[in-house]
Amino acid sequence: MSSPSHARAPGLRDQVLRECAEMVRYALSSGKRVPASLVGAVETALAAPAAGASDLPALAAAHERLAKLVAPATPQALVLFADEESKQRGMLRLPGPVRLVRRMSLAALVSVTLFIASSLSPRVSHTSGDVLDSFGWDLLANEVFWLASAGVGASFAMLFQVNEFIVDRSYDPKYESSYWIKFLIGVIAGFILVALIPLDGLEGAAAGSEAAAKAQALARPTIAMLGGFSASAVYRILNRLMSTVEGLFRADPREEAALREQAAGARAAEEAAATRLGTASRLVELRQQLAAGASPEEVSRLLAEMVSAMVPGEGGAPAPPNGTPPAADATEPADPASDPAEAAPTPGKVAVPALVGAPDASS
């Protein structure tokens, strides 16, 4: 005899029909306005034999309209809640419509129980628990106390997050493992935070007044609980500490300067190569113009463009700074009192700007 096989997964029509039925029940019980045509289509499909798959297109259309009607609830979550309710009916169980909530509630109860039990021990006090000074059972009792505090904070955070999806009926069971990973990360983060943060200042203040002593006694479990509640904050703190430590062991400033010089040299070489390439292309163009019998004016224009490309500011006649007049031509008189019309350049000449570094006229 063959071994009993596992239950066969429902077909596509059975899945769509089941989700449609649960969405109709949820919409009607929530007071939503459901068109009578959708209710009739689902009821007809439920009464039809399972082999009648010809109504699948109509069921798919009804499923689409019902999914928009019950949003943000999802069909998968509604079916899951219905199955869980039927399984747990009449049984003594922890509160929660899904397995994750019940197990997380159990983890919260265990954490609270450990927190209360460990706090009753005389070994747990504001003067004990330092990992460098305490040892043996005293240290173990304090560490259990910290872990219980972190577990309370982590379970509280996870239950608070999943509660939103439970209320909206949008819970997805595929993220169950993610919640447990976050819970464990929270417990570890709370323990790391309370074990690494020094409380010597509070201990010194605790000897001064009774209020300070009470604050010191509650500092460590509070820090552990906060670390469990917000593991992401602890991660950012540790990441910042790691960045600070890396900053202490940076490369030698001389090496960084050498690297910057190498990068600048590489950029200068690339720019020089690009300039040479542009000059070569313009020389080729000039040769082609000469071969085609270009006029002197055209040749002069091409030469001016080449000079402007290689040495910016050399191709035109820009006005010198500070209002200084351009240098006079060698053949023209340099007398400032001469006639302006005589100092004007003759047609066909190119005005040459003053040489770089020439003294200002004001000096």
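Here is a chat about the helices, contacts and surface of a predicted model.

Student: Hi! What am I looking at, and how is it numbered?
Tutor: This is a predicted model, where local features need pLDDT of at least 70 and side-chain atom pairs count only at pLDDT 80 or more, while totals for chains, interfaces and linings use all residues. Residues are numbered from 1 along each chain as its sequence is written, and side-chain values use heavy atoms, with hydrogens and water left out.

Student: How many helices and strands are there in the chain?
Tutor: The chain has 13 helices and zero strands. Helices (H or I, at least four residues) and strands (E, at least two) are DSSP runs, numbered from the N terminus.

Student: And what share of the residues is buried?
Tutor: Of the 363 residues in the chain, 25% are buried. Buried means under 20% relative accessible area, exposed means over 50%, and partly exposed is in between, with a 1.4 Å probe and protein chains only.

Student: Okay, salt bridges. How many does the structure hold?
Tutor: Eight salt bridges. The term stands for a side-chain nitrogen of Lys or Arg within 4 Å of a carboxyl oxygen of Asp or Glu.

Student: What joins Arg102 and Glu84?
Tutor: Their side chains meet in a salt bridge, 2.8 Å from N to O. That pair links distant parts of the chain, with Arg102 in helix 5 and Glu84 in helix 4, 18 residues apart.

Student: Is Arg102 buried or exposed?
Tutor: Arg102 counts as buried because its relative accessibility is 13%. Glu84 is buried too, with a relative accessible area of 13%.

Student: What about Glu64 and Lys68, how far apart are they in helix 3?
Tutor: Glu64 and Lys68 lie four residues apart in helix 3, about one turn of the helix. Their side chains form a salt bridge of 3.9 Å, N to O. Glu64 is partly exposed at 47% relative accessibility, whereas Lys68 is exposed at 63%.

Student: Which residues are linked in a network of salt bridges?
Tutor: Arg18, Glu22, Arg25 and Asp83. Arg25 and Glu22 sit three residues apart in helix 1 (residues 12-29), so about one helical turn separates them.

Student: Changing topic: how many aromatic pairs does a search of the whole structure find?
Tutor: The search finds five aromatic pairs. Rings of Phe, Tyr and Trp (its six-membered ring) pair if their centres lie within 6.5 Å; planes under 30 degrees apart count as stacked, over 60 as edge-to-face and the rest as tilted. Trp146 and Phe191 form a tilted pair, 6.3 Å centre to centre with 50° between the planes. This pair links distant parts of the chain, since Trp146 is in helix 6 and Phe191 in helix 7 (residues 176-196), 45 residues apart.

Student: Is Trp146 buried or exposed?
Tutor: Trp146 is buried, with a relative accessible area of 2%, and Phe191 is partly exposed at 25%. Another pair is Phe156 and Phe160, with ring centres 6.4 Å apart and planes at 25°, so this one is stacked.

Student: Which residues do ring pairs link into a cluster?
Tutor: Phe156, Phe160 and Phe229 make up the cluster.

Student: What about the surface? Which residues form the nonpolar patch?
Tutor: Leu106, Val110, Leu114, Trp137, Leu140 and Val144 form the patch, with about 560 Å² of accessible area together. Patches are made of residues with over 30% relative accessible area and no salt bridge: like charges are joined within 9 Å, nonpolar side chains (Val, Leu, Ile, Met, Phe, Trp, Tyr) within 5 Å. Accessible areas come from the Shrake-Rupley method with a 1.4 Å probe, and for residues only the protein chains shown count as cover.

Student: Which helices supply at least two residues each?
Tutor: Helix 5 (99-119) and helix 6 (136-168). Val110 belongs to helix 5 and is partly exposed at 44% relative accessibility.

Student: One more: where is the cis peptide bond?
Tutor: It joins Ala71 and Pro72, with omega at about 10°. Pro72 lies in the loop between helix 3 and helix 4 (75-87).
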